[in-house]
Amino acid sequence: MASLKRKADAGVDDAAAKKPKAQGSLNAFFTPVAKTKDTATATAAKFDKKKWVQGLTPEQKELLSLEIETLDESWLSLLKDEIVTKEFLELKRFLNRETAAGKKWFPPKEDIYSWSRHTPFNTVKVVILGQDPYHNVNQAHGMAFSVRPPTPAPPSLRNMYIALKKDYPTFVPPKNNGGLLIPWADRGVLMLNTCLTVRAHEANSHSNRGWERFTQKVIDLVVQKRNRGVVFMAWGTPAGKRVQKVDRERHLVLQSVHPSPLSASRGFFDCGHFKKANEWLVSRYGDEGEIDWALMPGTTTKTTVAEETKQEVNKTVDETVKQADQKRTAKMDDELDSGITSDDEKAMDEALEKADQAVKANKE
């Protein structure tokens with residue numbers, strides 16, 4: 001497991017927070033307040049993982065080996081009490097029974113908590129809530145809506161691309177209809193399913209086994225401890241129920257129908273959630289809060305970067321046109337100068353002399 005990605009970058013400094021006052025008025029929303037720091041930062045700093053593991057029983061160590069090895073420490077420090085509850089330990093026993101019975105389930109064990117490693121707690125700025133992991137081969141890898149290449153983007157994700165394109169015309173879907181969303185996770189987008197495992201080819205087969213309680217705890221921790229504010233995207237009725245208790249003075253909750261082909265035409269395509277999320281994040285975090293939704297190398301949806309690029313392009317074009325005009329003018333001058341020969345000058349002198357003589361004749 002040592003090769004699993006663990007992000008070293010702690011993300012933007014949460015000390016530069018801006019919060020709305022209790023009354024939530026428009027003026028209060030944009031009024032700078034005293035700087036705050038996420039309470040989870042101090043918790044993670046004090047967490048002694050080695051000491052905590054030593055305090056576990058032999059059975060707990062065995063059942064929780066996956067969490068100990070693959071759950072990012074920023075999350076483990078906050079979820080350590082939850083994963084030793086009888087409910088979670090029974091969930092782990094259930095998964096062991098599934099394996100012992102020869103039942104194949106997804107995602108691969110090492111990917112169940114990939115969301116935690118790509119989006120450490122103190123980097124979370126957006127939470128996209130999913131439901132069940134994809135249940136076919138080479139699809140689920142621990143992040144809601146995302147699929148491994150070369151698996152093509154499922155219909156719901158393709159509809160997300162359409163909505164994104166409406167918000168950001170510069171958005172370019174991945175090549176070969178790809179659906180890997182790890183770039184979003186690395187930029188602070190936590191893509192969390194309600195259930196984190198599923199039996200192969202059997203949708204909802206691991207529901208009501210304990211994952212719902214665990215992932216709700218993840219959501220609650222974000223709500224309680226991400227003091228600068230987070231955007232929650234809850235699409236569909238089940239996701240909407242999971243954000244009912246979110247403090248909407250501190251956080252932004254964006255709800256819509258699910259992007260599934262069965263419902264997307266009833267309002268998802270025009271929900272504008274991706275752009276609304278960024279507008280709110282910039283109001284809270286400044287320009288660095290904006291999420292780049294681009295998935296293709298060399299592209300961006302960031303407004304600030306796009307504007308700067310446009311200005312640079314315009315400046316380059318103006319300079320190129322100016323240089324071309326200067327060269328054209330110089331060339332014309334050279335052509336005019338070089339176009340007059342000595343014979344031409346003699347003819348001009350003769351013409352001028354004849355003109356003078358004609359003037360004199362007229363006077364006489």
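Student: Before we start, what should I know about numbering and about what gets counted?

Tutor: Residues are numbered from 1 along each chain as its sequence is written, and side-chain values use heavy atoms, with hydrogens and water left out. As this is a predicted model, local features need pLDDT of at least 70 and side-chain atom pairs count only at pLDDT 80 or more, while totals for chains, interfaces and linings use all residues.

Student: What is the mean pLDDT of the chain?

Tutor: pLDDT is the predictor's confidence in each residue, from 0 to 100. In this chain, 71% of the residues reach 70 or more, and the mean is 84.

Student: Over which residues is the pLDDT below 50, with 57 contacts in the model?

Tutor: A contact means heavy atoms within 4.5 Å. Where pLDDT is low, the predicted coordinates should not be read in detail. The 57 contacts, counted beyond near neighbours in sequence, belong to a stretch with pLDDT below 50: residues 6-35.

Student: And how many contacts beyond four places in sequence does the model have for residues 335-341?

Tutor: That is another stretch where pLDDT stays under 50. Beyond four places in sequence, the model's contacts for residues 335-341 number two.

Student: Let's look at Thr119. Is it buried or exposed?

Tutor: Thr119 sits in the loop between α8 (114-118) and β2 (126-129); helices (H or I, at least four residues) and strands (E, at least two) are DSSP runs, numbered from the N terminus. Buried means under 20% relative accessible area, exposed over 50%, and partly exposed in between, using a 1.4 Å probe and protein chains only. Thr119 has a relative accessible area of 1%, so it is buried.

Student: Which backbone oxygen does the Thr119 side chain reach?

Tutor: Not counting residues up to four places away in sequence, Thr119 touches Trp75, Val124, Ala185, Gly188, Val189 and Leu190. At 2.8 Å, its side chain reaches the backbone oxygen of one of them, Ala185.

Student: Val189 came up there. How far apart in space are Val189 and Ile291, C-alpha to C-alpha?

Tutor: Val189 is in strand β3 (residues 189-192), and it counts as buried because its relative accessibility is 0%. Leaving aside neighbours within four places in sequence, its contacts are Thr119, Val126, Ile128, Trp184, Ile291 and Trp293. Val189 and Ile291 are 102 residues apart in sequence, and their C-alpha distance is 8.2 Å.

Student: Which side chain does Arg226 make a polar contact with?

Tutor: Arg226 lies in the loop between α11 and β5 (231-235) and is buried, at 0% relative accessible area. A polar contact is a pair of N or O atoms within 3.5 Å; within protein, one must be able to donate a hydrogen and the other to accept it, and residues adjacent in sequence count only if both atoms are side-chain atoms. The Arg226 side chain reaches the backbone oxygen of Asn122 at 3.4 Å. Its side-chain partner, at 3.5 Å, is Tyr285.

Student: What is the omega of the peptide bond from Phe106 to Pro107?

Tutor: Most residues other than glycine have a negative phi, and most peptide bonds are trans. Pro107 is in the loop between β1 (105-106) and α8. The bond from Phe106 to Pro107 is cis, with omega near -5°.

Student: Where does Pro150 lie?

Tutor: A cis peptide bond, with omega about 5°, joins Pro149 and Pro150. Pro150 is found in the loop between β2 and α9 (155-167).

Student: Is Asn208 buried or exposed?

Tutor: Asn208 is not a glycine, yet it has a positive phi of about 60°. Its place is in the loop between β4 and α11. With a relative accessible area of 70%, Asn208 is exposed.

Student: Which helix gives the largest share of the lining of the second largest pocket?

Tutor: That pocket has a volume of about 310 Å³ and is lined by 15 residues, with Leu66, Lys92, Asn96, Trp105 and Lys109 nearest its centre. On a 1 Å grid over the protein atoms alone, a pocket is an open set of points where a 1.4 Å probe fits, with protein on both sides within 12 Å along at least five of seven lines; lining residues have an atom within 4 Å of a point. Grid points are joined across faces, edges and corners, and a volume is the space filled by probe spheres set on the points. The largest share of the lining, four residues, comes from α7.
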